[in-house]
Amino acid sequence: MNTKNPTASDYMTRSPHAIGFDQTLVQAHKLMREHHIRHLPVLRGGKLVGMLSERDLAFVEALRDVDPQKLRVEEAMTPLPFTVAPDAPLAGVAREMAEHRYGAAVVMREGHVMGVFTTTDALRALADALDGKG
């Protein structure tokens, strides 16, 4: 890890769990619960098409007449998620996330999901910086 100029890949969650765009919200909840995660990259044919968060699920499921057994991930996801390269400077990634209130960034290399950098990862980086480790 580059302690002077940390990057997204230094703190990201590697090989994150992802979900297919055509899966149900029930399946998304189950995956999030089993793995204690709050963000899922959404894939279609192996390509990133969105991001699904716990917040997205709560919002959609609060609507009247929504059946989580029938509603698909693509109907609740945020399309065009914030993406960054693995070598993106962490300071810039954190600033962009704060400015736009993004809960996560998908770390991509050559069209493939490498990881997810979340606000929890950002807090870990902050703690390391304050402790003199970062």
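This predicted model holds 1 aromatic pair. Start there.

**Stop 1: the aromatic pair**

Select Phe82 and Tyr102. Their rings are stacked, 5.0 Å centre to centre, with 20° between the planes. Now colour by secondary structure. Phe82 sits in the loop between strand S5 (78–79) and strand S6 (83–84), and Tyr102 in the loop between helix H4 (90–100) and strand S7 (104–109), so the pair ties together parts that are 20 residues apart in sequence.

Is Phe82 buried or exposed? Phe82 has a relative accessible area of 16%, so it counts as buried, the cut-off being under 20%. Tyr102 is partly exposed, at 31%.

**Stop 2: the largest nonpolar core**

Next, select Ile19, Leu25, Ala28, Leu40, Val42, Leu52 and Val73. Within the largest nonpolar core, which has 15 residues, these touch the most other members. Which elements give two or more residues to this core? They are helix H2 (25–35), strand S3 (39–44) and helix H3 (54–61). H2 supplies the largest share, 4 residues.

Centre the view on Val42. Set aside its neighbours within four places in sequence. Val42 is then in contact with Ile19, Gly20 and Phe21, with the run Lys47, Leu48, Val49, Gly50, Met51 and Leu52, and with Val73 and Met77.

**Stop 3: the second core**

Now show Met12, Leu90, Ala105 and Val107. They are among the members of a second, separate core of 13 residues.

**Stop 4: Gln23**

Gln23 and Val73 are 50 residues apart in sequence, but their C-alpha atoms are 5.7 Å apart in space. Where does Gln23 lie? Look in the loop between strand S2 (19–20) and H2.

Gln23 touches Leu71, Arg72 and Val73. Gln23 is partly exposed, with a relative accessible area of 27%.

**Stop 5**

Finish on the outside. Zoom in on Leu123, which belongs to helix H5 (residues 119–131). Is Leu123 buried or exposed? Its relative accessible area is 57%, so Leu123 is exposed, the class for values over 50%.

How values were computed
Residues numbered from 1 in each chain as written. Predicted model: local features only at pLDDT ≥ 70, side-chain atom pairs only at ≥ 80, totals over all residues. Heavy atoms only, no water. Buried < 20%, exposed > 50% of the residue type's maximum accessible area, 1.4 Å probe, protein only. Core = buried A, V, L, I, M, F, W, Y, C linked by side-chain atoms within 4.5 Å. Contact = heavy atoms within 4.5 Å. Phe/Tyr/Trp six-rings, centres within 6.5 Å; stacked < 30°, edge-to-face > 60°.
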